[in-house]
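Colleague: Hi! Could you walk me through this one? I'm still learning to read structures.

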Amino acid sequence: MKNFDQLKDLLNSPKKIVIVTHPRPDGDAMGSSLGLYNYLRSKGHFPTVILPTEYPDYFRWMRGTRKAILYNRRKEDADKVINEAEIVFCLDFNSLKRVDPIHNVLEPLKVPFVLIDHHLEPDEFEYALHNTKASSTCELVADFIEMLEGEFPNLNKDIVHCLYTGLVTDTGNFQNGATSVRAFELAAKFMKLGLDLEYIRENVFNTYKEKRIRFLGNALLNRMVVVPHLSIAYISVTKEDVRTYDLNAGDTEGLVNYPLTIKGIKVAVLLKEHGDIVKLSFRSKADISVNDFARKYFQGGGHMNAAGGKSTKSLSATIIEITNLWKKEYA
Ligand code: 5GP
Ligand code: MN
C-alpha cells in the first residue's frame with residue numbers, strides 16, 4: 001500500500017471513521033465491514049458502518065450490525081456521520097459510483113479514503129489495499145490488520161467470526177477459483193483463535209425459512225431455462241415470487257450457482273425483478289469472463305467468474321438480449 005506509514009500514523013490516535021460497503025451486502029461485504037469495525041473499536045476509534053441497503057437476517061449475529069446505519073432508511077443520520085468522518089474506508093467495492101446515492105456525500109469530502117477490495121478494475125484511491133487475487137475482502141482486512149500490528153494479531157472472536165464469514169462465502173465454502181493458499185492459512189489461524197465452525201454453520205447457512213426452501217424448489221422446477229448448445233442457463237425471480245415466498249434480502253443468495261452443477265453448463269445468470277429494473281447475477285467457469293460481459297453490456301462488473309449488473313428491460317426481453325449478445329461475443 002502506497003503511503004501506508006502515513007495512514008498508520010493517522011490511526012495512532014482515536015479517529016471518527018466511516019466504513020462503507022456495497023448495496024445488498026453479502027457475506028464478504030458484511031464480514032469485512034463488521035470485522036474492521038470491531039477491530040477499530042478495540043483500538044479506541046469511533047467507527048460507524050454505513051450500509052447502502054438492507055442486509056440479510058443471517059448476518060444479524062455479527063457484533064455491531066445493530067449500530068450500522070442503513071442509508072436507504074436513515075439518510076440524514078448517515079449524511080451527518082459521513083460529514084464528520086476523519087477517515088473513510090471503502091470495503092468490497094472499488095468505485096464510488098457503485099454506492100450511488102452515497103457517493104454524492106462522499107465525493108466532496110476532503111478526508112483520507114482507504115480502499116480495501118479484490119474486484120477487478122478499481123478506481124484510483126489515495127490509500128489502497130487492492131488485490132484481485134485475494135479470496136475476499138475479509139482476507140485483505142486481515143492483511144491490513146497484520147500490517148498495522150506488525151505481526152498476526154490475537155483477534156477476538158467477534159472479529160474472527162466476521163472475517164471468516166467473508167472467507168467462507170466468497171470462496172463458496174473453499175471450493176471456487178478464489179480459494180487461495182492464504183485463504184486456507186487464514187482459516188487455520190482463525191481456528192487457532194477459537195473460530196466456532198458450528199456457530200457459523202448454524203447462523204449463516206442453516207437459517208432458511210420453510211418458504212425459502214419451497215422457493216428454491218419452484219425456481220429450479222419452473223423458473224430455470226437451459227440453453228445447452230450455448231452452455232448457458234437462466235433462473236428468473238419475478239416480483240410475484242418475491243411476494244409468494246416472502247423473500248427478503250439475501251434469500252436468493254447461492255441460487256445462481258445451481259445451473260453450474262449441470263454438466264456442460266459454463267455460464268449461469270440469475271435475473272431478479274427489482275422495482276423497475278432487473279438485477280443480474282452472472283457466474284461462469286474457467287476463463288470465461290462475466291466481468292467483461294457485465295461491464296460492457298449491463299453497467300456492472302465484479303470478478304472474472306462472478307459479476308453483477310442491471311437491465312431496464314423485462315425478464316424475458318433481458319434473457320433474449322443476453323442470449324443474443326452471448327452468441328455474438330462467444331459462440
Ligand atoms: P452477486 O451476483 O453475488 O450479486 O455479485 C457477484 C459479484 O459482482 C460481487 O463481487 C459483487 O460485488 C459484484 N457486483 C454485483 N452487482 C454489481 C454491480 O451492479 N456493479 C458492479 N460493479 N459489481 C457488481
Ligand atoms: Mn468480496
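Modeller: Happy to! Let's begin with one bridge: G301 is partnered with G308, which belongs to β12. Keep in mind that this is a predicted model.

Colleague: Got it. New topic: where does S135 lie?

Modeller: S135 is in the loop that runs between β6 (127–130) and α5 (137–149).

Colleague: Is S135 buried or exposed?

Modeller: S135 counts as buried, because its relative accessible area is 1%, and the cut-off for buried is under 20%.

Colleague: Which side chains does S135 join by polar contacts?

Modeller: One polar contact, of 3.1 Å, is with the side chain of S136. Another, of 2.6 Å, is with the side chain of E139. If you leave aside neighbours within four places in sequence, S135 also touches several residues, including H118, D170 and S180.

Colleague: Let's move to helices. How far apart are the end C-alpha atoms of α2?

Modeller: They are 22 Å apart. Helix α2 (residues 27–42) has 16 residues, and at 1.5 Å a residue it should span 22 Å, so the two agree.

Colleague: Nice check! How many residues of α2 are buried?

Modeller: 14 of the 16 are buried, so α2 is largely enclosed by the rest of the structure. Just after α2 comes G44, with a positive phi of about 90°.

Colleague: Now the rings. How many aromatic pairs are there?

Modeller: The structure holds 14. Take F4 and F144: their ring centres are 6.3 Å apart and their planes are at 85°, so this pair is edge-to-face. F4 is in helix α1 (residues 4–10) and F144 is in helix α5, so the pair ties together parts 140 residues apart in sequence. Both F4 and F144 are buried.

Colleague: Which rings link into a cluster?

Modeller: Ring pairs connect F282, F293, Y297, F298, W326 and Y330.

Colleague: Last one: which charged ends sit over a ring?

Modeller: Among them is K189, whose charged end sits over the ring of F152, 4.9 Å from its centre. Another is R212, with its charged end over the ring of Y208, 3.7 Å from the centre.

Terms used
Residues numbered from 1 in each chain as written. Chains lettered and ligands numbered in written order. Predicted model: local features only at pLDDT ≥ 70, side-chain atom pairs only at ≥ 80, totals over all residues. Heavy atoms only, no water. Helix = DSSP H or I, 4+ residues; strand = E, 2+ residues; numbered from the N terminus. Buried < 20%, exposed > 50% of the residue type's maximum accessible area, 1.4 Å probe, protein only. Polar contact = N/O pair within 3.5 Å; in protein donor to acceptor, adjacent residues only side chain to side chain. Contact = heavy atoms within 4.5 Å. Expected span 1.5 Å × (residues − 1). Pairing = 2+ DSSP bridges. Phe/Tyr/Trp six-rings, centres within 6.5 Å; stacked < 30°, edge-to-face > 60°. Lys NZ or Arg CZ within 6 Å of the ring centre and 35° of its normal.
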